[in-house]
Every structure is written in C-alpha cells, then in structure tokens.
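Good morning, and thank you for coming.

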Amino acid sequence: MKTRITEIFNIKYPIVQGGMVWASGWRLVSAVSNAGGLGLLGAGSMYPEVLREHIQKCRKATDKPFGVNIPIMYPDIDKLMEIIIEEGVKIVFTSAGNPEIWTSVLQKEGIKVAHVVSSSKFALKAQNAGVDAIVAEGFEAGGHNGREETTTMTLIPSVKRHINVPLIAAGGIATGRGMLAAMALGADGVQIGSRFVATDEASSHINFKRRVLEAGEGDTILTLKELAPVRLLKNPFYEQVLELYRSGEASAENIKKLLGKGRTKKGMFEGDLTEGELEIGQIASVIDKIQPVSEVFQEIIDEYNFALSELNQLGKLNF
C-alpha cells in the first residue's frame with residue numbers, strides 16, 4: 001500500500017499511532033513501527049530525560065521509523081526539542097500551539113514535521129508554516145480536541161479542499177472500515193489512538209484498559225473548554241466537573257483548582273478510576289479486547305481489504 005504518507009515517513013502502512021500521554025511509551029511505539037506503521041512517543045507526559053530514555057530504548061527495539069509527538073505549549077519544550085535533535089529523531093508531530101515556532105528549526109536538522117489541527121483555518125496556518133504533513137483531528141478523538149466540535153467526516157473533506165500537503169485523518173478511527181472511509185474522504189493516511197490504548201504494549205494501567213473495554217456509546221464527553229477541550233470517560237471525577245458547571249462556577253481558575261496536578265497520570269497511568277482523569281475517544285465503544293499490537297494491525301489490514309473488495313463489487317453508479 002503506497003500513499004504520500006507511506007512515502008514521506010518510509011513506512012509500510014499509512015497508519016500512525018497517536019502519541020497519547022501515559023500510553024505511548026517505547027514498548028508501544030516500537031511494536032507499532034515493527035508492525036509497519038509509524039509509532040509516536042507521547043512526550044506530553046515525559047520529563048526531558050525520560051523522553052531521552054524512551055527514544056534510546058525505542059531505537060534498540062526497532063530499526064523502523066518512529067517519531068515523537070510533542071505539545072508545543074509544554075513547559076520544557078526547549079529541553080525536549082534539544083533532546084530530540086541530539087538523539088537524531090527524524091520525525092516529529094507537533095500539536096497544541098503555533099507550528100511556525102519550531103517547524104523550520106526541526107527541518108533544518110533533517111526532521112520531518114507534521115502538525116495536528118482541528119479546522120481548515122489552522123490547517124492552512126500549518127501549511128504556511130511549511131509542515132511536511134497535517135493531521136486533521138475530528139472531535140470524536142480522545143484527549144485534547146478542537147473547540148469547534150467538527151466531526152472527522154466533515155473535517156477531512158473540508159481540510160482536503162484547502163491544502164496540498166499530505167493529510168492524515170484522526171478521530172474516531174480504530175478499524176479497517178474506518179480507515180477506508182477516511183481514505184475515501186481524501187486522507188492519505190490515518191492516525192489511531194484509542195485502540196492502541198487497549199494493547200498489551202501500551203503503558204496505560206490495566207484498570208484503564210479494562211474500563212475502555214466497558215465503554216459504550218455516550219460514555220465519553222467533550223468538556224473543559226475553558227482550558228483546553230478534552231474528551232473524558234464518565235466517572236466520579238467527571239461528575240465533579242459536571243457539578244462545577246451546574247453550579248455556574250466553571251471558571252478557568254476553578255477548573256484548574258479541581259484538576260490539581262497529575263490528574264491524568266492518576267487515572268490513565270496509576271489506574272485510579274474514581275479520582276483520575278480518563279481520556280479516550282468515542283470509538284472506545286467498539287473496542288472489546290486487549291490485544292498485542294501485531295493482532296490489531298492484522299485485523300485492521302484484513303478488514304480494510306475486505307471492505308475495499310465489497311465496495312469494488314458495488315460497481316460504478318450511472319446516471
């Protein structure tokens with residue numbers, strides 16, 4: 001399978017693993033890259049020297065391309081970028097900030113840069129900043145998200161009309177049929193996050209993985225827009241958030257106070273399903289088992305090919 005994404009990143013399949021906080025350590029990343037996709041370390045939950053350690057371990061575990069996902073607004077951004085350059089990482093996905101700040105700096109070091117956006121407006125800004133690829137993420141996605149609440153099915157064709165760089169679709173994609181649908185909408189590849197949370201290799205806590213399997217339709221919600229929109233699984237901590245809104249006291253200051261420090265780590269990495277923040281996408285409702293990454297890839301590719309053969313049998317519409 002060759003697309004602009006497989007060519008630019010030198011990977012077998014146009015599948016990128018989302019660089020999720022507390023889930024995307026070196027074991028998951030190397031497994032994804034070894035399976036033929038592009039694994040991304042989630043630097044958003046790593047101190048600088050922890051990132052260095054994961055890069056070095058990942059390099060020992062795979063000889064395939066891998067990269068780092070890094071939120072530009074991260075407080076230690078300068079140190080993280082310094083480590084990425086020192087360690088010879090060749091692919092960086094940036095998010096949550098202005099791509100103009102780091103794109104040219106990284107590219108001068110021979111690094112391919114992709115940037116995550118939630119609208120056509122920001123896609124154009126990223127293209128103008130010179131990025132090598134764009135990830136357009138619909139609001140179905142887990143973690144931090146766009147305020148516009150544009151769905152992936154609407155976002156991808158809209159962004160496609162405005163840019164000419166390679167386009168990666170994200171948000172609500174976890175299966176071969178979802179991948180095929182995204183490609184039909186104009187994407188050159190897909191980014192998958194939530195499904196990789198429920199893998200043996202993900203560093204997320206087993207309690208969180210099992211809770212993902214239990215999730216049904218409507219069990220996640222986009223909230224905390226006063227700070228940064230994030231999609232959460234409903235749990236007792238979410239009920240505290242909801243009560244803050246009901247009381248009319250959901251100011252940015254009060255939300256920060258409620259969140260405190262390490263709330264996502266508590267839920268996703270330490271497995272506290274009561275007081276922890278549990279970030280996951282809507283597509284969790286179709287994830288029903290914890291598997292090795294290799295099995296996930298095999299299922300996605302097999303389903304993609306089967307769905308494609310079904311469409312081919314439908315034939316062309318005539319008017």
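Let me begin with Arg4 and Asp188, which form a salt bridge whose closest N and O atoms are 3.1 Å apart. This pair links distant parts of the chain: Arg4 belongs to helix H1, residues 4-9, while Asp188 sits in the loop between H8 and E9, 184 residues away. Arg4 counts as partly exposed, at 33% relative accessibility. Asp188, at 11%, counts as buried. Please bear in mind throughout that this is a predicted model.

How many salt bridges does the structure hold? There are twelve. I shall single out those around Arg52. The side chains of Arg52 and Glu86 meet in a salt bridge, at 3.0 Å from N to O. Here too, distant parts of the chain are linked, with Arg52 in helix H3, residues 48-61, and Glu86 in helix H4, residues 77-86, the two being 34 residues apart. Arg52 counts as buried at 18% relative accessibility, whereas Glu86 is partly exposed, with a relative accessible area of 46%.

Arg52 forms a salt bridge with Glu87 as well, and the closest N and O atoms of that pair are 3.0 Å apart. Glu87 lies in the loop between H4 and strand E4, residues 91-95, and Arg52 in helix H3, so this pair ties together parts that are 35 residues apart in sequence. Both Arg52 and Glu87 are buried. Through shared partners, salt bridges join Glu49, Arg52, Arg59, Glu86 and Glu87 into one network.

Is Gly186 buried or exposed? With 15% relative accessibility, Gly186 counts as buried, since the cut-off for buried is under 20%. Leaving aside neighbours within four places in sequence, Gly186 is in contact with Ile156, Lys160 and Leu167.

Moving on into strand E9, we come to Gln191. Gln191 is buried, with a relative accessible area of 9%. Which residues does Gln191 contact, once neighbours within four places in sequence are left aside? They are Val16, Gln17, Gly18, Leu40, Phe93, Val135, Glu137, Ile168, Ala169, Ala170 and Gly171.

I turn now to helix H6, residues 120-128. Ser120, Ala123, Ala126 and Gln127 are buried there. Why do these four lie on the same side of H6? They cover an arc of only 115° around the axis, which places them on the same side of the helix. On the other side of H6, Lys121 and Asn128 are exposed. The cover over the buried residues of H6 includes strand E5, residues 112-117, strand E6, residues 133-137, and helix H7, residues 152-162. After H6 comes Gly130, which has a positive phi near 95°.

Trp22 has a positive phi, near 65°. Trp22 is found in the loop between strand E1, residues 15-17, and helix H2, residues 26-34, and at 18% relative accessibility it counts as buried. Ala96 likewise has a positive phi, near 55°. Its place is the loop between E4 and helix H5, residues 103-107, and Ala96 is partly exposed, with a relative accessible area of 45%.

I close with the protein as a whole. It has 14 helices and eleven strands. For 319 residues, a compact globule would have a radius of gyration near 20 Å; the protein has 19 Å, which agrees with that expectation. Along the principal axes, the C-alpha atoms fill a box of roughly 55 × 50 × 35 Å. Of the 319 residues, 54% are buried. Among contacts with a separation of 6 or more, 63% are between residues 24 or more positions apart. Finally, the accessible surface comes to about 14500 Å², and carbon and sulfur atoms account for 51% of it. Thank you for your attention.

Methods
Residues are numbered from 1 along each chain as its sequence is written. This is a predicted model: local features need pLDDT of at least 70, side-chain atom pairs count only at pLDDT 80 or more; totals for chains, interfaces and linings use all residues. Side-chain values use heavy atoms; hydrogens and water are left out. Buried means under 20% relative accessible area, exposed over 50%, partly exposed in between (1.4 Å probe, protein chains only). The arc is that of the directions from the helix axis to the C-beta atoms. Contact means heavy atoms within 4.5 Å. A salt bridge is a side-chain nitrogen of Lys or Arg within 4 Å of a carboxyl oxygen of Asp or Glu. The radius of gyration is taken over C-alpha atoms; the globule rule is 2.2 Å times the number of residues to the power 0.38. Accessible areas come from the Shrake-Rupley method with a 1.4 Å probe; for residues, only the protein chains shown count as cover.
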